[in-house]
Amino acid sequence: MEKLIITAALTGAEVTREQQPNLPLTPVEIAEEALACYQAGASIVHVHARTAQGEPTQAIEMYREIVSEIQARCPVIIQPTTGGAVWHTFEQRMQPLLLKPEMATLSCGTCNFGDDVFVNTAPFMKELAEKMLDLEIKPELEVFERGMIQNAIRLQRQGLLKTPLHFDMVLGVPGACPGTPEDLMYMVGQLPKDATWTVAGIGRAQLPLAVMGIILGGHVRVGFEDNVYLEKGVLATSNADFVKRIVRLAKELGRPVATPEEARQILQIRE
Ligand code: KMH
Ligand code: ZN
């Protein structure tokens, strides 16, 4: 089995300091958290920027600062969001791509997202894929529902995504596909045979689905974007708490953990 790639989703767009007092918000806080996660065993950090007031922002200057603060500390793979927050425009969401990161997310369809709708039209997905192809950015294909796998395959058949595709099964978002083991098994069974995948279980689905990711040969995403509790009623003190637990579990289950350099090779990220 391939080595395990651990992604830390450090901040997200929805979680607040009221819900998680240790949520990193400023570029320096995000970079310190990225370093702690890298030291714990993460090879990728998924990044959302916030303003000084804690509002989600897609401003390129914020991403530039975050990237430079992280790069000054460690060689982790930086994966900015193009999902942003549900109210960001398509144009705002594309901003981080102008920095030519090694990776970025590409959400593969529209779904309910709590009380909101997370909109990803076919023309927008096409535009994102074209831009990432052009800039040699490896897309992580965010899948919240079964039909989104097909949307990704369609983009690949149109020549807009390079194989092997890399998916993130985001399961347990209220309004989209639940985060049960059966759902994950079914979704993984629908992926192209040469694809790589990671799993991001939301809330209490994070830990059981992460364990499945380890034993099924997938990869794992953890972090405050998806879940703030280490166990029922106990808030994590840092994103690194989650990473450390995955490293412990992977060791127990006999799955070695990838360094960022090994993750670059597994995901065929540009040199
Ligand atoms: N904040 C969600 C609406 C991504 O980062 O690509 C979208 C999201 C997905 O977080
Ligand atoms: Zn995100």
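Trainee: Hi! Is Lys100 buried, exposed or partly exposed?
Mentor: Lys100 is partly exposed, at a relative accessible area of 40%. Here buried means under 20% relative accessible area, exposed over 50%, and partly exposed in between, with a 1.4 Å probe and protein chains only. Keep in mind that this is a predicted model, where local features need pLDDT of at least 70 and side-chain atom pairs count only at pLDDT 80 or more, while totals for chains, interfaces and linings use all residues. Residues are numbered from 1 along each chain as its sequence is written, chains are lettered from A and ligands numbered from 1 in the order in which they are written, and side-chain values use heavy atoms, with hydrogens and water left out.

Trainee: Thanks! Where does Lys100 lie, and what is its phi?
Mentor: Lys100 lies in the loop between α3 (90–94) and β6 (103–107). Its phi is positive, about 55 degrees, although Lys100 is not a glycine. Helices (H or I, at least four residues) and strands (E, at least two) are DSSP runs, numbered from the N terminus.

Trainee: And what about the phi of Glu136?
Mentor: Glu136 also has a positive phi of about 55 degrees without being a glycine. Glu136 sits in the loop between α4 (122–134) and β9 (138–143), and is partly exposed at 46% relative accessibility. Most residues other than glycine have a negative phi, and most peptide bonds are trans.

Trainee: Speaking of peptide bonds, is the one from Thr163 to Pro164 cis or trans?
Mentor: The bond from Thr163 to Pro164 is cis, with omega near -5 degrees. Pro164 is in the loop between α5 (147–157) and β10 (166–171).

Trainee: New topic: which residues coordinate the zinc ion (ligand 2)?
Mentor: His46 (NE2), His48 (NE2) and Glu225 (OE) do, at 2.1 Å. Donors are N, O and S atoms within 2.8 Å of the metal (3.2 Å for Na, K and Ca), and water is not among the atoms, so sites may look incomplete. Along the chain, the donors follow the spacing H-x1-H-x176-E. His46 is in strand β2 (residues 44–47) and Glu225 in the loop between β12 (219–222) and β13 (229–231), 179 residues apart, so the pair links distant parts of the chain.

Trainee: Are those two buried or exposed? And what surrounds His48?
Mentor: Both His46 and Glu225 are buried. His48 is buried too, at 5% relative accessibility, and lies in the loop between β2 and β3 (49–50). Beyond neighbours within four places in sequence, His48 is in contact (heavy atoms within 4.5 Å) with residues including Thr11, Tyr63, Thr81 and Glu225.

Trainee: Nice. How do α1 and α8 lie relative to each other?
Mentor: Helices α1 (residues 27–40) and α8 (residues 239–252) have axes that come within 9 Å and cross at roughly 10 degrees. The two are therefore roughly parallel. Axes are lines fitted to C-alpha atoms, for helices over the stretch in contact, and angles run from 0 to 180 degrees between N-to-C directions. Angles under 35 degrees count as roughly parallel, over 145 as roughly antiparallel, 65 to 115 as roughly perpendicular and the rest as oblique.

Trainee: Which residues meet there?
Mentor: Glu33, Ala36, Cys37 and Ala40 in α1 meet Asn239, Ala240, Val243, Lys244 and Val247 in α8.
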